[in-house]
Amino acid sequence: MSSPVKPPFAISRTLRTPDELIAAGMVPPAHRAELQAVGQHYATAVPPAFAALMQSPTDPIGVQVIPSAQELLVSPAERSDPIGDDALSPVPGIVHRYADRALLKPLLVCPLYCRFCFRREHVGPDGGVLDEEALSRALDWLRTHEQIREVILTGGDPLMLSPRRLGEIVQALSGMAHVTTIRVHTRVPVAAPERVTDTLLDALETDKAMWMAVHMNHAREMAPPTRDSLRRIVRRGIPLLGQSVLLRGVNDSEEALESLFRTMVENRMRPYYLHQLDPAPGTAHFHVPVERGQQLLAGLRGRVTGLAWPIYVLDIPGGYGKVPLGPDYILGPKQVRDPEGAVHNLDRL
């Protein structure tokens with residue numbers, strides 16, 4: 001009896017270097033020098049579960065994680081902190097943009113590194129975690145700011161923490177009377193579904209309202225292992241939200257978005273935000289104009305249930321927050337109005 005044929009990108013461990021990508025057949029050897037140059041600026045990680053989804057390195061899965069020389073091209077509209085997190089960080093690990101909620105970033109490590117990430121200059125395997133002292137200061141800040149009702153665990157990816165560490169953070173937040181809601185932002189169920197164990201889910205146990213937002217950009221990311229991990233999460237009573245980024249060559253068609261949003265709903269995940277790409281350095285090759293994004297969503301109206309309809313948003317650079325990309329907020333080809341009525345001129349719309 002013949003042995004089964006392995007898929008083209010069956011790997012046993014996360015790939016991080018140009019040599020490893022070349023050996024796996026994901027990048028031609030002639031591109032080694034280019035990838036080494038990219039690697040001096042941005043981290044690479046292609047985990048086995050995500051690699052197994054690729055049909056080629058240039059398909060809608062591969063282009064999300066395989067580094068490219070195009071990342072070395074930086075336009076004047078791009079910036080290292082495109083949504084203004086740094087200026088809104090009162091202590092390390094905290095971002096406070098909105099009055100009633102705050103981000104807690106306990107680590108800057110991810111299971112994979114998306115080539116379009118708005119935190120791409122900050123995250124990476126060397127990003128590490130907040131040490132005990134820094135984490136204690138961040139939690140103390142949350143304790144003493146009683147207007148904070150919702151804490152969003154992000155990073156990096158909080159599900160890359162050990163269950164013990166994650167559980168300690170969740171319990172600390174659970175002990176704050178003014179915090180009513182905890183939200184976890186993650187890519188782990190897609191990129192490393194094997195991490196979603198009973199022990200990890202035990203660490204998320206809380207009497208507070210616990211929500212999970214999962215980053216997913218293409219329907220093929222909803223592979224059987226991901227479906228299983230999401231099913232285990234839902235069984236713990238944790239509602240799922242879907243977050244996606246509109247990306248050229250990945251999901252910039254009505255068919256791709258319809259399939260993505262339908263697949264989310266079928267797996268008990270409510271599409272929450274479709275993000276306009278943030279202008280991080282070296283990401284212009286993923287950019288889809290706002291007008292095109294609006295056309296795509298308009299084309300889905302009447303074709304998909306309201307459950308499968310996300311809010312199309314732009315995070316205004318400078319820390320002003322998200323605005324829906326509807327007619328009341330778009331004033332012209334390069335102008336947008338924020339929720340407080342101020343007008344912003346933006347180079348890359």
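# Helix packing, pockets and backbone exceptions

Helix α5 crosses helix α6 in a right-handed sense, meaning that the near helix is turned clockwise from the far one by less than a right angle. The model is predicted, so local features are given at a pLDDT of at least 70 and side-chain atom pairs at pLDDT 80 or more, while totals for chains, interfaces and linings use all residues. Residues are numbered from 1 along each chain as its sequence is written, and side-chain values use heavy atoms, with hydrogens and water left out.

**Packing of α5 and α6**

- Helix α5 (residues 132-143) packs on α6 at an angle of about 25°, with the axes 11 Å apart; axes are lines fitted to C-alpha atoms over the stretch in contact, and angles run from 0 to 180 degrees between N-to-C directions.
- The two helices α5 and α6 are therefore roughly parallel to each other, a term for angles under 35 degrees.
- From α5 the contact (heavy atoms within 4.5 Å) takes in Glu132, Leu135, Leu139, Leu142 and Arg143, and from α6 it takes in Arg165, Ile169, Ala172 and Leu173.
- By class, the residues of the contact of α5 with α6 are six nonpolar, no polar and three charged, where Asp, Glu, Lys and Arg count as charged, Ala, Val, Leu, Ile, Met, Phe, Trp, Tyr, Cys and Pro as nonpolar, and the others, Gly among them, as polar.

**Packing of α10 and α11**

- The axes of helix α10 (residues 254-266) and helix α11 (residues 290-300) come within 9 Å and cross at roughly 60°.
- Helix α10 passes α11 in a right-handed crossing.
- On the α10 side Glu254, Leu257, Glu258 and Phe261 meet Gln295, Leu296, Leu297, Gly299 and Leu300 of α11, and the residues of this contact divide into five nonpolar, two polar and two charged.

- The largest pocket holds about 1,100 Å³ of space; a pocket is an open set of points on a 1 Å grid where a 1.4 Å probe fits, with protein on both sides within 12 Å along at least five of seven lines, and lining residues have an atom within 4 Å of a point.
- The largest pocket is lined by 49 residues, and Phe118, Arg119, His185, Gln243 and His275 are the closest to its centre.
- Strands β1 (94-98), β2 (101-104), β4 (181-186), β5 (209-215), β6 (240-245) and β7 (269-275) are the elements that give two or more residues to this lining, and β1 supplies the largest share, four residues.
- The lining of the largest pocket has 25 nonpolar, 11 polar and 13 charged residues.
- In the second largest pocket there is about 320 Å³ of space, and of its 21 lining residues Pro57, Thr58, Ile66, Pro67 and Ser68 lie nearest the centre.
- Two or more residues of the lining of the second largest pocket come from each of α2 (32-39) and α4 (62-65), and the lining divides into 10 nonpolar, seven polar and four charged residues.

**Backbone exceptions**

- Most residues other than glycine have a negative phi, and most peptide bonds are trans.
- A cis peptide bond, with omega about 20°, joins Gly155 and Gly156, and Gly156 is in the loop between β3 (150-153) and α6 (163-174).
- Although it is not a glycine, Arg268 has a positive phi of about 65°, and Arg268 is found in the loop between α10 and β7.

Methods: Points joined across faces, edges and corners; volume = space filled by probe spheres on them. Parallel < 35°, antiparallel > 145°, perpendicular 65-115°, else oblique.
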